[in-house]
Structure formats: C-alpha cells, structure tokens
Amino acid sequence: MQSPELVLSRRLTKTPFEQRVFEHGVKGLTIYNHRPLASYFCSPQEDYEHLCRYVQIWDVSCERQVEVVGADAMRLVELATPRDISKCAIGQCMYAPLVDEHGGIVNDPIILRLAEDRLWVSISDSGVLLWLKGIAYGRGYNVSVFEPDVSPLAVQGPKSDDLLADVVGEHIRDIKRFWFIEAMLAETEVIIARSGWSGQGGFEIYLQDGSKGLALWDIIWEAGRKYNIRAGCPNIVDRIERGLLSYGSDMTMENNPYECGLDRFFEASKDAECMSKGAMAKFAKNGVRKNHVYLAVSGSPMASPRSTWDVVDENNKVVGIVTSSVYSRNYQSNVAFAIIDAEVNQKGRKFRADIGAAEPGESAREATIVVKRGKKLDMEIPMNSE
C-alpha cells in the first residue's frame, strides 16, 4: 500500500538542516519530536551499504535536548533514571533509560554532563520536557528545566574520523566512545560527541545556534567529498542488525528495562533517590513476564510493520508481538524484534507471525527465535558472500 503524502506545516518545527536534506533528495520522512526526520534517500538497503563503507551526514536535530541546570539538577535527573548518574563525569555521555514509579520506560536518552550542575538529556521521541518540569515543580527543586537551542548533526560511518580530523584536527581521533569535546565550527560553539544511532561509528555535533545550521552542514559536506559523503539518516537495516531499539516502536511505557535487556546499564538500586527503585528491585528479584528477542521470519523480503504483528504458538495462543522487522542481505533473511512471553523464550523455537495485510495474499509466516537476548544480531544463518 502506497503511503499518502506527508504535509509539513508551521505546526511542525523546521530544522536548521532541513533545506539541505530536501536538496539532497530525501525520499521518505517520518515525524519525531514534532520535527521531520528522514527515513531513506536511495533505499534503506542502498543507504545501509553506503553507510557501512563511507560516511554520511544526518540531520538528527529531532533528538531534542532537555537542559537541566541548577543546584538540584543532579537530584532531578537521578530521580528519573535507575542508572547512577553520579558516575557520569563532566565531558561524558551516558545512556540512561528514564523510568517511572511503576517501572515503565518513559524515554531512553543519552545524558551529557556539561558541568557539576548542568546536564543535557538528549531524548528519543516522547514528552520528557514536560515530565521533568512537572517532577521539578512538584518536588520544589531549585532547578531550571527547558529546551535549549541545540540541534545535533550526525557524521556516521567508517570514514567519519578521517573527515572530522580534516575539519577539527587530529585530536578528534582521541575522543573516547560516549565522551565529548567543545570546538568551534561555522563560527559558533559546538559540542562534538563520539556517539550516534548507528552501529558503524561516528560523531554527533551539537549545534547551539540554529541560524548556523546550513553553514555547519556545508563545512562537513565539502570536507567529506573526498570520502564519498552522502546525506543519510538512521537506517533500519543497521539498527536491527546492531540491536538498536527504537522508543515508541520496540519499547514504550508498557515495557520495563528488564524486559528489553536494558538492565545491563544499571544496578537494581543506587544510593541516590530514584522513583523506580522499588519497581526495579521487584523485577530483579522476581523476574519479568516478557522478553525482547530476535526472530528470523521466513519468506520474501518485507518491510517493518505499520502496527505490531501477533506471534502465535502451535496451540494458536498469542504469545507476543513483532515490533520491527527488515530484510537483511547479510543474513539472507527477514529479521525482527519481538516481545514474547518469557516462558516460551527458547532459542530455535518456532512460531507463526500473523502479518495480516502487510503482504498481499499472505496471512502468516514462520518465525524462529534466533537470539534470546543480546546487544546485536549473531544469527546461525549463513552470511551472504556477495
């Protein structure tokens, strides 16, 4: 089924890099934090193959920042996540799921610590700004919570170090993963972090003056010509092969960190007050009812579902849902994320995926658990030798 045209109005915020995204021929868009986000330029597969070999520039300004600054900044952020943020040094980034008092995942941001009492919460697609403001007001914290003029521009792919070394200097190669430095680009201050929503490595440049967006893009673009740079975007093939969950698709507030394998990022308890501490301790002690897994789905290549697909066992009992899927040339198979009942989580177990109207003339396909739980795909399916 062909998707209808996506109309962009003033109600959706224009990004500082949007003009260049359109000029470079974006073919698909989605909406993320009230801003357009590219979905693909050539095709998801062709974009992926280029990303794995060269370098791409991504408009990811939809990754909005929630700035938390003031005497109680750390108290507020610690309250919102089970991860121990006191271990985050100035100049460091930390992946930290935000979790409510019942254990539901509110968001899964990267947190940047800019100073002792100043942090950016770099969010995925949900309303963290108002949630944190409400908590701060209700607790009477001495803190300011707002959205600053900050727009990330990502440089991703194996040539990203070479490109930014040309632009910023050789010291860029010394940045450790999930650390950042301050620099000047396009005659304005930026923060450059070794991070990004891909499995190919790269950087995110946090622009702090939206009026400089096109100038920053052009500097990166010109320096990247010799590295075969292309405009790109977060890629579904890359993210599923690398185990990168998408908030809103693969996890929501209905899920907890233990179901999704995010408990590896924190202890069940920490010294600082945390609203989810009781729920996390309960999950750690009693386990969870559902698990996040990888499935191999039989048949011809198919796209990710618009809505979830039921996972059904041999007794026609619905035991879970498929949340995202894509065809992987590397593994010569459709691969998918699913959330299933913990008692049926057995590697090699086969199910039926009810795909409904996703493919004309089909109603179901065989789906097999290939990874019970893991950071990235490591399937026992022959790799494509092409």
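This is a predicted model: local features need pLDDT of at least 70, side-chain atom pairs count only at pLDDT 80 or more; totals for chains, interfaces and linings use all residues.
## A few residues up close

Student: Which residues make a nonpolar surface patch with Leu6?
Tutor: The patch comes to about 230 Å². Besides Leu6, the residues that make it are Leu8 and Phe22.

Student: Now for Thr81: buried or exposed?
Tutor: First, find Thr81 in the loop between α3 (73-80) and β5 (93-95). Leaving out residues up to four places away in sequence, Thr81 touches Ala96, Pro97, Leu98, Lys270 and Cys274. Its relative accessible area is 0%. Buried means under 20%, so Thr81 is buried.

Student: What is the nearest side chain of opposite charge to Asp100?
Tutor: Asp100 lies in the loop between β6 (98-99) and β7 (105-107). Asp100 is buried yet has no salt bridge. A salt bridge would need a distance within 4 Å, but the nearest side chain of opposite charge is 12 Å away, and that is Lys282.

Student: Which backbone nitrogen does the side chain of Asp100 reach at 2.8 Å?
Tutor: There are two backbone nitrogens to look at here. The one of Gly103 lies 3.0 Å from a polar atom of the Asp100 side chain. At 2.8 Å, the side chain of Asp100 reaches the backbone nitrogen of Gly104.

Note on methods:
Residues are numbered from 1 along each chain as its sequence is written. Side-chain values use heavy atoms; hydrogens and water are left out. Patches are made of residues with over 30% relative accessible area and no salt bridge: like charges are joined within 9 Å, nonpolar side chains (Val, Leu, Ile, Met, Phe, Trp, Tyr) within 5 Å. Accessible areas come from the Shrake-Rupley method with a 1.4 Å probe; for residues, only the protein chains shown count as cover. Helices (H or I, at least four residues) and strands (E, at least two) are DSSP runs, numbered from the N terminus. Buried means under 20% relative accessible area, exposed over 50%, partly exposed in between (1.4 Å probe, protein chains only). Lys and Arg count as positive and Asp and Glu as negative; His and the chain ends are not counted. A polar contact is a pair of N or O atoms within 3.5 Å; within protein, one must be able to donate a hydrogen and the other to accept it, and residues adjacent in sequence count only if both atoms are side-chain atoms. Contact means heavy atoms within 4.5 Å.
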